[in-house]
Amino acid sequence: MSEGDEDKKTRAERATSNVFAKLPQKILQEMKEAFTMIDQNRDGFIDLNDLREMYSSLGAVPQETVMKDMLKEAPGPLNFTMFLSLFSEKLSGTDPENTIQNAFSMFDDAGKGYLPEAYIKDLLQNMGDNFTQDEMRQTFKEAPVEGGKFDYNKFTAIIKGSNVED
(Lines give C-alpha, C1' and ligand atoms only; values in the text may rest on other atoms or scores of the structure.)
Protein backbone atom coordinates (compact mmCIF):
# COMPACT_ATOMS: atom_id res chain seq x y z
CA MET A 1 0.00 0.00 0.00
CA SER A 2 1.41 3.40 -0.94
CA GLU A 3 1.74 6.28 1.51
CA GLY A 4 -1.13 8.11 -0.20
CA ASP A 5 -3.39 5.08 0.17
CA GLU A 6 -2.46 4.85 3.86
CA ASP A 7 -3.32 8.54 4.39
CA LYS A 8 -6.64 8.01 2.61
CA LYS A 9 -7.40 4.96 4.76
CA THR A 10 -6.50 6.78 7.99
CA ARG A 11 -8.75 9.72 7.05
CA ALA A 12 -11.57 7.30 6.27
CA GLU A 13 -11.15 5.55 9.62
CA ARG A 14 -11.27 8.88 11.47
CA ALA A 15 -14.34 9.95 9.50
CA THR A 16 -16.21 6.71 10.15
CA SER A 17 -15.46 6.88 13.87
CA ASN A 18 -17.79 9.85 14.31
CA VAL A 19 -20.10 9.56 11.32
CA PHE A 20 -22.84 7.96 13.40
CA ALA A 21 -22.73 10.85 15.87
CA LYS A 22 -22.90 13.48 13.11
CA LEU A 23 -26.09 12.34 11.38
CA PRO A 24 -29.57 12.54 12.90
CA GLN A 25 -31.30 9.20 13.58
CA LYS A 26 -33.86 9.81 10.82
CA ILE A 27 -31.13 10.26 8.20
CA LEU A 28 -29.29 7.20 9.51
CA GLN A 29 -32.45 5.14 9.02
CA GLU A 30 -33.00 6.52 5.50
CA MET A 31 -29.37 5.80 4.62
CA LYS A 32 -29.69 2.24 5.93
CA GLU A 33 -32.73 1.73 3.69
CA ALA A 34 -30.83 3.15 0.69
CA PHE A 35 -27.80 0.96 1.43
CA THR A 36 -30.02 -2.13 1.70
CA MET A 37 -31.66 -1.34 -1.65
CA ILE A 38 -28.26 -1.08 -3.33
CA ASP A 39 -26.80 -4.15 -1.59
CA GLN A 40 -28.71 -6.51 -3.86
CA ASN A 41 -27.11 -9.76 -2.59
CA ARG A 42 -27.47 -8.67 1.07
CA ASP A 43 -23.87 -9.50 2.02
CA GLY A 44 -23.30 -6.20 3.85
CA PHE A 45 -21.09 -4.73 1.11
CA ILE A 46 -21.79 -2.82 -2.09
CA ASP A 47 -19.74 -4.19 -4.98
CA LEU A 48 -19.75 -4.00 -8.76
CA ASN A 49 -22.41 -6.72 -9.12
CA ASP A 50 -24.70 -4.91 -6.64
CA LEU A 51 -24.41 -1.69 -8.64
CA ARG A 52 -24.97 -3.51 -11.92
CA GLU A 53 -28.13 -5.23 -10.57
CA MET A 54 -29.46 -2.06 -8.99
CA TYR A 55 -29.06 -0.09 -12.22
CA SER A 56 -30.60 -2.96 -14.16
CA SER A 57 -33.64 -2.96 -11.88
CA LEU A 58 -34.05 0.73 -12.76
CA GLY A 59 -33.79 -0.02 -16.47
CA ALA A 60 -30.38 1.60 -16.83
CA VAL A 61 -27.10 0.21 -18.12
CA PRO A 62 -24.22 2.47 -17.04
CA GLN A 63 -20.72 1.97 -18.37
CA GLU A 64 -18.56 -0.41 -16.36
CA THR A 65 -15.99 2.35 -15.83
CA VAL A 66 -18.62 4.63 -14.30
CA MET A 67 -19.55 2.01 -11.71
CA LYS A 68 -15.90 1.23 -10.98
CA ASP A 69 -15.21 4.93 -10.47
CA MET A 70 -18.09 5.08 -7.98
CA LEU A 71 -16.56 2.24 -5.97
CA LYS A 72 -13.10 3.81 -6.09
CA GLU A 73 -14.38 6.69 -3.96
CA ALA A 74 -14.26 4.34 -0.97
CA PRO A 75 -10.76 3.64 0.38
CA GLY A 76 -11.79 0.07 1.21
CA PRO A 77 -14.72 -2.33 1.05
CA LEU A 78 -17.97 -0.38 0.85
CA ASN A 79 -19.86 -1.47 3.96
CA PHE A 80 -22.58 0.59 5.65
CA THR A 81 -20.18 2.60 7.81
CA MET A 82 -18.06 3.52 4.78
CA PHE A 83 -21.26 4.36 2.87
CA LEU A 84 -22.25 6.79 5.65
CA SER A 85 -18.77 8.27 5.73
CA LEU A 86 -18.81 8.95 1.99
CA PHE A 87 -22.32 10.42 2.25
CA SER A 88 -21.22 12.65 5.12
CA GLU A 89 -18.23 13.85 3.06
CA LYS A 90 -20.57 14.71 0.17
CA LEU A 91 -22.81 16.71 2.52
CA SER A 92 -19.86 18.63 3.90
CA GLY A 93 -18.89 19.32 0.30
CA THR A 94 -21.75 21.80 -0.06
CA ASP A 95 -21.01 25.49 -0.30
CA PRO A 96 -19.45 27.12 2.78
CA GLU A 97 -21.94 28.19 5.42
CA ASN A 98 -21.48 31.92 4.79
CA THR A 99 -22.08 31.43 1.04
CA ILE A 100 -25.43 29.75 1.73
CA GLN A 101 -26.40 32.42 4.26
CA ASN A 102 -25.42 35.17 1.83
CA ALA A 103 -27.64 33.62 -0.84
CA PHE A 104 -30.62 33.82 1.52
CA SER A 105 -29.68 37.30 2.73
CA MET A 106 -30.00 38.63 -0.81
CA PHE A 107 -33.76 38.29 -0.29
CA ASP A 108 -33.60 39.76 3.25
CA ASP A 109 -33.40 43.51 2.57
CA ALA A 110 -33.84 44.34 6.26
CA GLY A 111 -31.07 41.92 7.36
CA LYS A 112 -33.23 40.30 10.03
CA GLY A 113 -31.97 36.71 9.54
CA TYR A 114 -35.34 35.37 8.52
CA LEU A 115 -37.70 35.48 5.56
CA PRO A 116 -41.47 35.14 5.52
CA GLU A 117 -42.39 31.47 5.07
CA ALA A 118 -44.96 32.37 2.39
CA TYR A 119 -42.28 34.24 0.43
CA ILE A 120 -39.85 31.28 0.49
CA LYS A 121 -42.63 28.90 -0.56
CA ASP A 122 -43.59 31.22 -3.42
CA LEU A 123 -39.96 31.33 -4.61
CA LEU A 124 -39.64 27.55 -4.48
CA GLN A 125 -42.88 27.01 -6.39
CA ASN A 126 -42.37 29.68 -9.03
CA MET A 127 -38.65 30.09 -9.73
CA GLY A 128 -36.14 27.72 -11.32
CA ASP A 129 -37.01 24.06 -10.82
CA ASN A 130 -40.45 24.47 -9.34
CA PHE A 131 -41.13 22.40 -6.21
CA THR A 132 -44.16 20.12 -6.17
CA GLN A 133 -46.57 20.15 -3.22
CA ASP A 134 -44.95 16.95 -1.92
CA GLU A 135 -41.46 18.47 -2.18
CA MET A 136 -42.73 21.52 -0.29
CA ARG A 137 -44.12 19.34 2.51
CA GLN A 138 -40.81 17.45 2.76
CA THR A 139 -38.74 20.64 2.74
CA PHE A 140 -40.77 22.38 5.43
CA LYS A 141 -41.38 19.32 7.61
CA GLU A 142 -38.28 20.09 9.68
CA ALA A 143 -37.50 23.62 8.52
CA PRO A 144 -36.87 26.21 11.26
CA VAL A 145 -40.11 28.18 10.92
CA GLU A 146 -41.65 30.02 13.85
CA GLY A 147 -44.56 32.41 13.59
CA GLY A 148 -44.42 32.27 9.79
CA LYS A 149 -40.73 33.26 9.77
CA PHE A 150 -38.14 31.04 8.07
CA ASP A 151 -34.83 31.31 9.97
CA TYR A 152 -32.26 30.87 7.20
CA ASN A 153 -29.29 30.91 9.59
CA LYS A 154 -30.67 27.90 11.48
CA PHE A 155 -31.58 26.26 8.16
CA THR A 156 -28.00 26.71 6.93
CA ALA A 157 -26.68 25.17 10.15
CA ILE A 158 -28.99 22.18 9.61
CA ILE A 159 -27.75 21.74 6.03
CA LYS A 160 -24.12 21.96 7.12
CA GLY A 161 -24.59 19.79 10.21
CA SER A 162 -23.39 22.59 12.49
CA ASN A 163 -24.58 22.98 16.03
CA VAL A 164 -27.75 25.02 16.06
CA GLU A 165 -28.08 27.39 19.00
CA ASP A 166 -31.49 28.56 20.03
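Select L48, L51, R52 and Y55 in α3, then E64, M67, K68, M70 and L71 in α4: these two groups meet, contact being heavy atoms within 4.5 Å. The model is predicted, so local features need pLDDT of at least 70 and side-chain atom pairs count only at pLDDT 80 or more, while totals for chains, interfaces and linings use all residues. Residues are numbered from 1 along each chain as its sequence is written, and side-chain values use heavy atoms, with hydrogens and water left out.

Helices here (H or I, at least four residues) are DSSP runs numbered from the N terminus, as are strands (E, at least two). The residues joining α3 to α4 divide into six nonpolar, no polar and three charged. Nonpolar covers Ala, Val, Leu, Ile, Met, Phe, Trp, Tyr, Cys and Pro; charged covers Asp, Glu, Lys and Arg; the others, Gly among them, are polar.

Now show the axes of this pair. Those of α3 and α4 come within 10 Å and cross at roughly 125°. Axes are lines fitted to C-alpha atoms, for helices over the stretch in contact, and angles run from 0 to 180 degrees between N-to-C directions. α3 and α4 are therefore oblique to each other (under 35 degrees is roughly parallel, over 145 roughly antiparallel, 65 to 115 roughly perpendicular, the rest oblique).

Next, the second largest pocket. Select M70, E73, L78, F83 and L86, which lie nearest its centre among 14 lining residues. A pocket is an open set of points on a 1 Å grid over the protein atoms alone, where a 1.4 Å probe fits, with protein on both sides within 12 Å along at least five of seven lines; lining residues have an atom within 4 Å of a point. Elements giving two or more residues to this lining are α2 (25-38), α3 (48-57), α4 (64-72) and α5 (80-92). Of these, α5 gives the most, with four residues. The lining has twelve nonpolar, no polar and two charged residues.

Move on to α7 (residues 117-126) and α8 (residues 133-141), which pack at about 140° with axes 11 Å apart. That makes α7 oblique to α8. Select E117, I120, K121, L124 and Q125 of α7 with Q133, M136 and F140 of α8 to see the contact. Its residues divide into four nonpolar, two polar and two charged. The crossing of α7 and α8 is right-handed.

Last, select α6 (residues 97-105) and α9 (residues 152-160), packed at about 145° with axes 10 Å apart. α6 passes α9 in a right-handed crossing. Their contact has six nonpolar, four polar and two charged residues.

Definitions and conventions: Left-handed = near helix turned anticlockwise from the far one by under 90°.
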